[in-house]
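Please read it alongside the sequence and the model.

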Amino acid sequence: MIIKKICCIGAGYVGGPTMSVIANQCPDIKVTVVDLNEARIAAWNDADINNIPVYEPGLGDIVNEARGRNLFFSTDVEKAIDEADAIFISVNTPTKTYGAGKGQAADLKWIELCARQIARVSTSDKIIIEKSTLPVRTASTLKEILKHTGNGVKFHILSNPEFLAEGTAVQDLLAPDRVLIGGEQTDEGIKSINALVEVYARWVPLEKILTTNIWSSELSKLTANAFLAQRVSSINSLSELCEYTEADINEVAKAIGTDSRIGSKFLKASVGFGGSCFQKDILNLVYIARSYGLNQVADYWEQVIIMNDHQKLRFANKIIKNLYNTVNGKKIAFLGWAFKKDTNDTRESAAIYVADHLLYEQAEISVYDPKVPEQQIYVDLDYLATRSSSENKQLLKIENDPYDTCKNAHAIAVLTEWDEFNDYDWQRIFDNMLKPAHVFDGRNILDKTKLKQIGFLVNGVGS
Ligand code: UDX
Ligand code: ADP
């Protein structure tokens, strides 16, 4: 079994970069990325590489090299499915917003639609690869749907979860810590696993390609995200204690991070984690555990989310408290809206929830983010449905220039750790703000000593 033609269903933050790197590293494999969203595909095909829909450092060069050679973006889903030997399913699996499992379970509607479409269209045997993060045992659902095509076509299902982090996607894909491939432990299953191993082996050392049974692979992805998010909630929980005890969370993180058993990464206290994965995957883990009656397991992981929600609210309340218990009519400048630096993704960004709480207190917000498009910020706020779209537009303004954003503001809130924030002329910003001028650094990235010397009143997280 040799993979020569790949189709990827879903041209989002996972499918787009992942397939671009596969195509870039395997010039002999034809990779077609398909999506129902015509605007998204048009953007991936835009002649100006700066207009591709996902912002990731280095991605433009990768796409430029492979696009039109062996990398194609198309809306013709059926054609790409039929001609492929291997199909990656990379569609979104958001948390359910209705019915049983509402607010916790993953909504597998799109996955099921993909499976049905593959079953209907395929005329040759195929390897079907779960790329999106899915609840453990989803492969059995896929198998069940694909088994009943009645036209003799055979499908082999693999789980190959993606571990890339946004903002470092290209680097993570080019030099992954590991590639995980789970499949059925039968002769056919192992042949399919090996076919996919051969694709990655073009650029990933073999010892970094792990193969497991399919259920371990599915659960490993949820577990990895749960552990990472748990570290952030753990350090954030202690950041609150620091604020009462004069301990400094940055010093605590450094001190514990030198223990090789703990490790220094992912110990940065913040306004709270965001992104499309952590919350969704933990809620999903909680739901699965509860569905097996494992209430203690479910409660344990749920606490990670409870802590994160608390951290976002706590940050907003700290702003209000320090602005003399009222923000009514006061201008608060937001630096950053993306859920982390080096991405234009805003899904579950802490900024959305902090803004919503401050708007509830009738603050006026002005936002600057170097990469997030203006309309996305309103889409994020409107999605919460706390107030009307026109009220959101009236109370929250978006600026293209950070100095205009901060002009006449009572306070600045740093919501994303963009590097450029440190390079600003902070004296100029101070001179144009109302006094006393406050900075609430939700990412602990600014030089506090310098800001205090200028005259700012500075609050970080846990320090
Ligand atoms: C995560 C996983 O890291 C990745 O392996 C998986 O494939 C998808 O989910 P991502 O959500 O893109 O990736 O970004 P990540 O770097 O994990 O950050 C998630 C959130 O945690 C961000 O809001 C980030 O700012 C926050 N964070 C991270 C902290 O607040 N402190 C930290 O120390 C680390
Ligand atoms: P992720 O971060 O997991 O990549 P995104 O939401 O960025 O999630 O991308 C998922 C993409 O999958 C979207 O562009 C969506 O239009 C696409 N999609 C969802 N269902 C289908 C489907 N049945 N066929 C083709 N594309 C789909």
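## Surroundings of ligand 2

Ligand 2 is surrounded by 15 residues, of which Tyr13, Val14, Asp35, Arg40 and Arg347 are the closest, a residue being near a molecule or strand if one of its heavy atoms lies within 4 Å of it. This shell consists of seven nonpolar, five polar and three charged residues, where Ala, Val, Leu, Ile, Met, Phe, Trp, Tyr, Cys and Pro count as nonpolar, Asp, Glu, Lys and Arg as charged, and the others, Gly among them, as polar.

An oxygen atom of ligand 2 lies 2.6 Å from an N or O atom in the side chain of arginine 40, and a backbone N or O atom of valine 14 is 2.9 Å from an oxygen atom of the ligand. A polar backbone atom of leucine 36 is 3.4 Å from a nitrogen atom of ligand 2. The protein buries 88% of the 580 Å² that ligand 2 exposes when taken alone (accessible areas come from the Shrake-Rupley method with a 1.4 Å probe, and for residues only the protein chains shown count as cover).

## Basis of the model

This is a predicted model, in which local features need pLDDT of at least 70 and side-chain atom pairs count only at pLDDT 80 or more, while totals for chains, interfaces and linings use all residues. Residues are numbered from 1 along each chain as its sequence is written, chains are lettered from A and ligands numbered from 1 in the order in which they are written, and side-chain values use heavy atoms, with hydrogens and water left out.

A polar side-chain atom of lysine 340 is 2.7 Å from an oxygen atom of ligand 1. Backbone atoms also approach ligand oxygen atoms, with an N or O atom of glycine 274 at 2.9 Å and a polar atom of glutamate 162 at 3.2 Å. Of the 660 Å² of accessible area that ligand 1 has on its own, the protein covers 90%.

Note on methods: A polar contact is a pair of N or O atoms within 3.5 Å; within protein, one must be able to donate a hydrogen and the other to accept it, and residues adjacent in sequence count only if both atoms are side-chain atoms.
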